[in-house]
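Let us walk through this structure together, one part at a time. Have the sequence and the 3D view ready as you read.

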Amino acid sequence: MEYSIGVDIGGTKVAIAIVDHHGVVVGQTVIPTDLSIKPEKMITIINETIAKLIKDNSITSEYVKGIGIGAPGPLNSKDGIISCPPNLSNWIDIPIVEQVQEYFSFPVILENDANAAALAEKWLGAAQENNNFAYVTISTGIGAGLFVDGKLLGGSRGNAGDIGHTVVDPSYGQCPCGQFGCLEFIASGTAIARRGSEIAGKQLSTKQVFDLYNQDHKEIKAYVEDVFRIIGVACVSLINTIDPEKIVIGGGVSKVGAPLFDAVRTYVSQYALNPGGRKTEIVPAVLDQNAGVIGAAALSFSG
Ligand SMILES: [Zn+2]
């Protein structure tokens, strides 16, 4: 049996798993992301945690194919460097692959987290049959992994698919990135909580905004339907750009379910330019729970 180690680095926690070549998680652990210490120190803790996990599960290192690391962008996957992710505030130009590689004998690969999740959906989830699909994650931020002609689309530095900062409608105001009307500024979980709170006149979480939507709160309902339309606009742009067979939508916001998927399907069926594109399947992600670590582990198996 061959194994791969998947490491999913997030702003609050780092999930680490040993995954076998069938995609079964045979051991896993989660440690907090400590942003008060230097990234180099945090990576040392990650290395020690990986080594302990391998030892605790009695895995012989000759059966470990590699370590895959999924991390938030921007990054440079080709050079193995985490560049400047907004939710890892002091991680500026960190050569993580080099630092993990110094510790282990097997290959280490870095990929942005949305791309890793797309690989997980291809390997074990909603896109197993597809050679052309987009995976879109809508949670605190919005990102995408694009799988084109049987391959993950990386781009020159590994940042392809950063659709959260494509401009949809400048009238929505200025995104922290500086542009006006970015998709993420309008339709992320963070955006829905912010705008929903303004409309309701009190502080609401994303879930509470969706609760009001489900209770037919008039203004919230109109607002949320507009968000769904905007997500449809983004999907049409993706369809017109990469001509996928399927769009897989995951992340916390996608949990609202049928109203979102129905609205996006309706929009796509009317506005995708190519008649074939109007029939693009729009489906929920399957692997949300472990997509990060499984996708990161998949990097070693697919590489
Ligand atoms: Zn932006």
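Leaving aside residues up to four places away in sequence, Tyr-135 touches Ala-114, Ala-117, Ala-118, Glu-121, Ala-144, Gly-145, Val-248, Gly-250 and Ala-285. Here two residues are in contact if their C-beta atoms, placed from the backbone, lie within 7 Å. This is a predicted model, in which local features need pLDDT of at least 70 and side-chain atom pairs count only at pLDDT 80 or more, while totals for chains, interfaces and linings use all residues. Residues are numbered from 1 along each chain as its sequence is written.

A residue is called buried if 20 or more other C-beta atoms lie within 10 Å of its own, exposed if 12 or fewer, and partly exposed in between.

Now step back to the whole protein. It has 9 helices and 12 strands, where helices (H or I, at least four residues) and strands (E, at least two) are DSSP runs, numbered from the N terminus. The radius of gyration, taken over C-alpha atoms, is 20 Å, close to the 19 Å that the globule rule (2.2 Å times the number of residues to the power 0.38) gives for 303 residues, so the protein is as compact as a globular protein of that length. Its C-alpha trace spans about 60 × 45 × 35 Å along the principal axes, and 45% of the 303 residues count as buried.

Next, look for the open sheet of 5 strands, in the order β3-β2-β1-β4-β7, with mixed pairing. Two strands pair if DSSP finds at least two bridges between them. The edges are held by β3 (25-32) and β7 (108-112), each with a single partner strand, so one side of each is left without a neighbour in the sheet. From one strand to the next, the twist averages 15 degrees. Strand β2 (residues 13-20) runs antiparallel to β3, and 7 bridges join the two; in one of these pairings, Val-19 has Val-25 of β3 as its bridge partner.

Two helices lie across this sheet. Helix α3 (residues 113-124) lies across β1 (3-9), β4 (64-71) and β7, at about 100 degrees to β7. Helix α9 (residues 291-302) lies across β1, β2, β3, β4 and β7, at about 130 degrees to β4. For such angles, axes are lines fitted to C-alpha atoms, for helices over the stretch in contact, and angles run from 0 to 180 degrees between N-to-C directions.

Finally, visit some loops. Between β4 and β5 (75-76) sits Pro-74, joined to Gly-73 by a cis peptide bond with omega of about -5 degrees. Ser-58, in the loop between α1 (39-56) and β4, has a positive phi of about 50 degrees although it is not a glycine.
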